[in-house]
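Take a look at the fold below.

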Amino acid sequence: MTLPPFDIQPVLIGARVMLRPLLATDYDGLYAVASDPEIWAMHPFRDRYKREVFDGFFADAIASQGAFAIVDRATDAIIGSTRFANYDPTMAEIEIGWTFFATAYWRTGINREVKALMLRHIFQFVRIVVFQVGANNFRSRTAVERLGGKLVREHKRDHGGQVHDYTSYHLTREDALSGALATFLEAK
């Protein structure tokens with residue numbers, strides 16, 4: 001794991017959400033969200049709602065040193081998580097992923113706000129943002145395409161002996177300026 005020479009766990013504050021570094025003490029609050037099977041229905045790891053599966057996911061998030069707790073500013077409740085990872089200095093790229101939200105926040109604009117905060121921060125440092133999405137996760141694929149992401153390849157990924165079909169998208173700042181977050185990104 002290559003950590004970048006810039007901060008990938010800043011506190012990012014939007015109108016409705018705050019992204020802050022994920023802490024080990026966030027486990028119970030985040031698992032309360034992740035324990036809903038509906039969140040994982042289109043995901044390659046459909047059993048991530050199970051505590052024993054989530055435990056590994058959470059440990060990886062903490063170890064990544066790029067994971068965030070997504071907090072609803074109105075209630076101070078953890079409503080999901082996301083992270084930056086897999087920085088490649090040669091390609092000037094970083095991945096955004098591992099994102100999930102409580103179903104009550106779906107189709108509310110929260111995902112767009114989270115991505116806008118992350119993209120505004122990270123485009124100061126990288127040229128390309130990579131999104132790796134399960135091939136059958138059409139909800140996430142559509143969301144990335146609305147941001148301006150371009151499909152660059154379809155491939156298989158091995159996760160601890162489990163092989164799944166994935167798609168990779170690249171998003172440059174220029175592409176993002178023609179996507180759903182253009183107004184937000186232009187403001188900076």
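**A residue in the core**

Ile-122 touches Phe-6, Ile-8, Phe-84, Ile-94 and Val-129, leaving aside residues up to four places away in sequence. Contact here means heavy atoms within 4.5 Å.

A word on the source. This is a predicted model, where local features need pLDDT of at least 70 and side-chain atom pairs count only at pLDDT 80 or more, while totals for chains, interfaces and linings use all residues. Residues are numbered from 1 along each chain as its sequence is written, and side-chain values use heavy atoms, with hydrogens and water left out.

Now widen the view. Ile-122 belongs to the largest nonpolar core, which has 51 residues. Such a core is a set of buried Ala, Val, Leu, Ile, Met, Phe, Trp, Tyr and Cys residues joined through side-chain atoms within 4.5 Å. Buried means under 20% relative accessible area, exposed means over 50%, and partly exposed lies in between (1.4 Å probe, protein chains only). Leu-19, Phe-54, Phe-100, Leu-119, Ile-122, Val-129 and Phe-131 touch the most other members. Helix α3 (residues 110-122) gives the largest share of this core, seven residues. In soluble globular proteins, nonpolar side chains tend to be buried together.

Next comes the sheet. Helices (H or I, at least four residues) and strands (E, at least two) are DSSP runs, numbered from the N terminus. In what order do the eight strands lie? They form an open sheet, β1-β2-β3-β4-β5-β6-β8-β7, with mixed pairing. Two strands pair if DSSP finds at least two bridges between them. β1 (12-13) and β7 (150-159) stand at the edges with a single partner strand each, so one side of each has no neighbour in the sheet.

Strand β6 (residues 128-134) pairs with strand β8 (residues 162-172) in the antiparallel sense, over seven bridges. β5 and β6 run parallel and are joined by three bridges. Follow Val-130 to see both pairings. Val-130 stands opposite His-170 in β8. Val-130 in β6 is also the bridge partner of Glu-95.

Helix α2 (residues 51-64) touches β3 (67-72), β4 (78-88) and β5, and its direction makes about 55° with that of β4. Helix α3 lies across β1, β2 (17-21), β3, β4, β5, β6 and β8, and runs at about 160° to β5. For these angles, axes are lines fitted to C-alpha atoms, for helices over the stretch in contact, and angles run from 0 to 180 degrees between N-to-C directions.

Tyr-27 sits in helix α1 (residues 27-34). Is Tyr-27 buried or exposed? Tyr-27 has a relative accessible area of 16%, so it counts as buried. Tyr-27 touches Arg-51, Phe-54, Asp-55 and Phe-58, not counting residues up to four places away in sequence.

Now turn to charge. The structure holds three salt bridges. A salt bridge is a side-chain nitrogen of Lys or Arg within 4 Å of a carboxyl oxygen of Asp or Glu. One joins Glu-113 and Arg-16 (3.6 Å, N to O). This pair links distant parts of the chain: Glu-113 is in helix α3, Arg-16 is in the loop between β1 and β2, and they are 97 residues apart. Glu-113 is buried at 15% relative accessible area, while Arg-16 is partly exposed at 37%.

Another salt bridge joins Arg-20 and Asp-26 (2.8 Å, N to O). Asp-26 is buried, at 6% relative accessibility. Asp-165 and Lys-156 also meet in a salt bridge (2.5 Å, N to O). Asp-165 is partly exposed at 40%, and Lys-156 is exposed at 59%.

Which charged residues are buried yet have no salt bridge? Glu-93 is one of them, and the nearest side chain of opposite charge, Arg-127, is 6.3 Å away. Here Lys and Arg count as positive and Asp and Glu as negative; His and the chain ends are not counted. Glu-93 is found in strand β5 (residues 93-101). Its contacts include Asn-86, Val-126 and His-170. Arg-141, in helix α4 (residues 138-147), is also buried without a salt bridge. Its nearest side chain of opposite charge, Glu-154, is 4.4 Å away. Arg-141 touches Glu-154, and its other contacts include Val-133, Thr-167 and Tyr-169.
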